[in-house]
Amino acid sequence: MARTEQVLVLEPPNELKFKGPFTDVVTTNLKLSNPSDKNVCFKVKTTAPRRYCVRPNSGIIDAGTSINVSVMLQPFDYDPNEKSKHKFMVQSIFAPADCQDMEAVWKEAKADELMDSKLRCVFELPSENEKTHELEINKVTSTSLKTEASMMSKSTSSSLDDSDMRKVMDDCRILKSEVQRLREENRQLKEDDGLRMRRMPQMGNPTPSSNAMMKEEGPAARMIAMVVLFFILGTIIGKLVL
């Protein structure tokens, strides 16, 4: 009895190509399209199940839709003199109206209801031109990434420098105004000392205690001004070091 012709359309139709190097997993895609007006059950089989991982390996394709199947070849030692004998088969069957148990559907399927398509596996190594082209692409990509990273770094560094400079300039202006204020206070203290001296009685000498107080007021004020000045300078130097 003749088998039913495959209703699904396979892309590629006859062979699955895997392009090396095969030191890592190599993936190729298989597109299954259902042009009919009925839902179709499918499953994918291979002669080397330990060498491949297929996702999805079974399912239902709705009418008028398609699905992409990823076929992943596991890493292996490639021998160019050895021809691949691996094959894949896509089996399909029209889905029943009530399709809940996929295993039962395949188990109860009749031989004349099954449809299948076979594909052979082809292993290819990239040519020298493809290798060179790929290396050039990798170099361009790497150079582009490095340039972009360098530009971002410079931009960030520049913005940080500008910000630090603005802070330092603001601190310098604050320090300058503070120094000017201290000078005014010192000048005022001197004038007050002179005024008190002139107001003292012309006759007689001042008491020792009053002389000591007048002598200590001037240095004490200057000492306070110096302490404030050193504190401000220390704060700015600390910011620059950090």
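Colleague: How many salt bridges does the structure hold?
Modeller: This is a predicted model, and side-chain atom pairs count only at pLDDT 80 or more. On that basis, the number of salt bridges in the structure is 3.

Colleague: Which residue forms a salt bridge with lysine 17 at 3.9 Å?
Modeller: A salt bridge needs a side-chain nitrogen within 4 Å of a carboxyl oxygen. The closest N and O atoms here are 3.9 Å apart, and the partner of lysine 17 is glutamate 15.

Colleague: Is glutamate 15 buried, partly exposed or exposed?
Modeller: Buried means under 20% relative accessible area, and exposed means over 50%. Glutamate 15 has 22% relative accessibility, so the class is partly exposed.

Colleague: How far apart in sequence are arginine 120 and glutamate 15?
Modeller: The side chains of arginine 120 and glutamate 15 meet in a salt bridge, 3.1 Å from N to O. Arginine 120 belongs to strand β9 (residues 115-124) and glutamate 15 to strand β2 (residues 15-19), so the pair ties together parts whose separation in sequence is 105 residues.

Colleague: Which strand holds glutamate 124?
Modeller: Glutamate 124 and lysine 17 meet through their side chains in a salt bridge of 4.0 Å, N to O. This pair links distant parts of the chain, 107 residues apart. Lysine 17 is in strand β2, and glutamate 124 is in strand β9.

Colleague: Which residues do the salt bridges that share partners join into one network?
Modeller: Glutamate 124, at 27% relative accessible area, is partly exposed. Lysine 17, at 44%, is partly exposed, and arginine 120 is partly exposed at 47%. Through shared partners, the salt bridges join into one network Glu15, Lys17, Arg120 and Glu124.

Colleague: What accessible area do Met226, Phe230 and Leu233 have together?
Modeller: Patches take residues with over 30% relative accessible area and no salt bridge. Leucine 233 has a relative accessible area of 34%. With Met226 and Phe230, Leu233 forms a nonpolar patch on the surface, and their accessible area together is about 280 Å².

Colleague: In which helix is leucine 233 found?
Modeller: Leucine 233 is partly exposed. The helix that contains leucine 233 spans residues 208-241 and is α3.

Terms used
Residues are numbered from 1 along each chain as its sequence is written. This is a predicted model: local features need pLDDT of at least 70, side-chain atom pairs count only at pLDDT 80 or more; totals for chains, interfaces and linings use all residues. Side-chain values use heavy atoms; hydrogens and water are left out. Buried means under 20% relative accessible area, exposed over 50%, partly exposed in between (1.4 Å probe, protein chains only). Helices (H or I, at least four residues) and strands (E, at least two) are DSSP runs, numbered from the N terminus. Patches are made of residues with over 30% relative accessible area and no salt bridge: like charges are joined within 9 Å, nonpolar side chains (Val, Leu, Ile, Met, Phe, Trp, Tyr) within 5 Å. Accessible areas come from the Shrake-Rupley method with a 1.4 Å probe; for residues, only the protein chains shown count as cover.
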